[in-house]
Amino acid sequence: MADLKSALRKENLKKQLSIFDETLGYAAIDFRIDHQQKGERSISWVTLIAAPSVKMKTVGEFLERLEVYPDQTVVATVGLEGGYSPVHIAVDGLGKETWLVLCDEIAYHNFFSPPEHSEQGVDLDLRGAVKEYLKIQLETSENPTETRLASWLEQQEDSELLIGVLKEERSLSELVQFCIQKASASKGKQSAMMVSDEVVFQWVREYYTTDIEVKNSSSVKGTMQTTPTPQVIETERKEEEQQISLF
């Protein structure tokens, strides 16, 4: 929220401000509080949405509404492809008349230009939200691999990946199982193989940025351990199950 406030203060406070919606086009902006529940804790953020029935406000009037929210508040908008997206500030106009537009990341890069005072869009504090969400998951985890993967995720700047982490249906524990299944499918007839960090992190990105479903398979069980060196996958065949360990 602090970045959004700061960027808007640099603009002409009397300029009209709208939000871009794929269906409605330009519309006034309203606020919606969204939540995700994880155990006994809840993560909340402000989502900016199109409100055609609301009167369009100037930058100054919009800033007045923002002031009721603490600077550390996470703010997002609805993405053109669904889910949540970082908030970007763009400029559009007709002839000599121009106005500011808040939009999602896809619309910003495909349709708009940045305003005069900003060469880049304003990203919401995704990393802060992700860090808090992962912290909640780790409170009930005793798996050091989940801790290391969470640490890697917290350092990323890819907004598509970070937004995926915040999806309610995704979790670190299921991520580990997904990687084990990917390893099992990749090894073929080998009893052991090497998997680099780079490959594992590609699997992490696939898990969080696609709609792939993780099979709840009892035929593939094992543990996944990670170190600063490449992971070694060791497999032990049994009649009814297959043990897999990633080092």
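Me: Which residues form one aromatic cluster in this predicted model?
Reply: Phe-20, Tyr-26, Trp-99 and Phe-111 form one aromatic cluster. The model is predicted.

Me: How many aromatic pairs does a search of the whole structure find?
Reply: The search finds nine aromatic pairs. Phe-20 and Tyr-26 form an aromatic pair.

Me: Why is the pair of Phe-20 and Tyr-26 called edge-to-face?
Reply: The angle between the planes is 65°.

Me: What makes Phe-20 and Tyr-26 partly exposed?
Reply: Phe-20 has a relative accessible area of 22%. Tyr-26 has 32%. Buried means under 20% and exposed means over 50%, so both residues are partly exposed.

Me: Why is the pair of Trp-152 and Phe-201 called stacked?
Reply: The planes are 0° apart, and under 30 degrees counts as stacked, so this pair is stacked. The distance is 4.2 Å centre to centre.

Me: Where in the chain do Trp-152 and Phe-201 sit?
Reply: Trp-152 is in helix 5 (residues 144-154) and Phe-201 is in helix 8 (residues 197-209). They are 49 residues apart, and the pair links distant parts of the chain. Both Trp-152 and Phe-201 are buried.

Me: How do you know that Arg-170 lies over the face of Tyr-207?
Reply: Arg-170 is at 4.4 Å from the ring centre of Tyr-207. The distance cut-off is within 6 Å, so the value passes.

Methods
Residues are numbered from 1 along each chain as its sequence is written. This is a predicted model: local features need pLDDT of at least 70, side-chain atom pairs count only at pLDDT 80 or more; totals for chains, interfaces and linings use all residues. Side-chain values use heavy atoms; hydrogens and water are left out. Rings of Phe, Tyr and Trp (its six-membered ring) pair if their centres lie within 6.5 Å; planes under 30 degrees apart count as stacked, over 60 as edge-to-face and the rest as tilted. Buried means under 20% relative accessible area, exposed over 50%, partly exposed in between (1.4 Å probe, protein chains only). Helices (H or I, at least four residues) and strands (E, at least two) are DSSP runs, numbered from the N terminus. A charge sits over a ring if NZ of Lys or CZ of Arg is within 6 Å of the ring centre and within 35 degrees of the ring normal.
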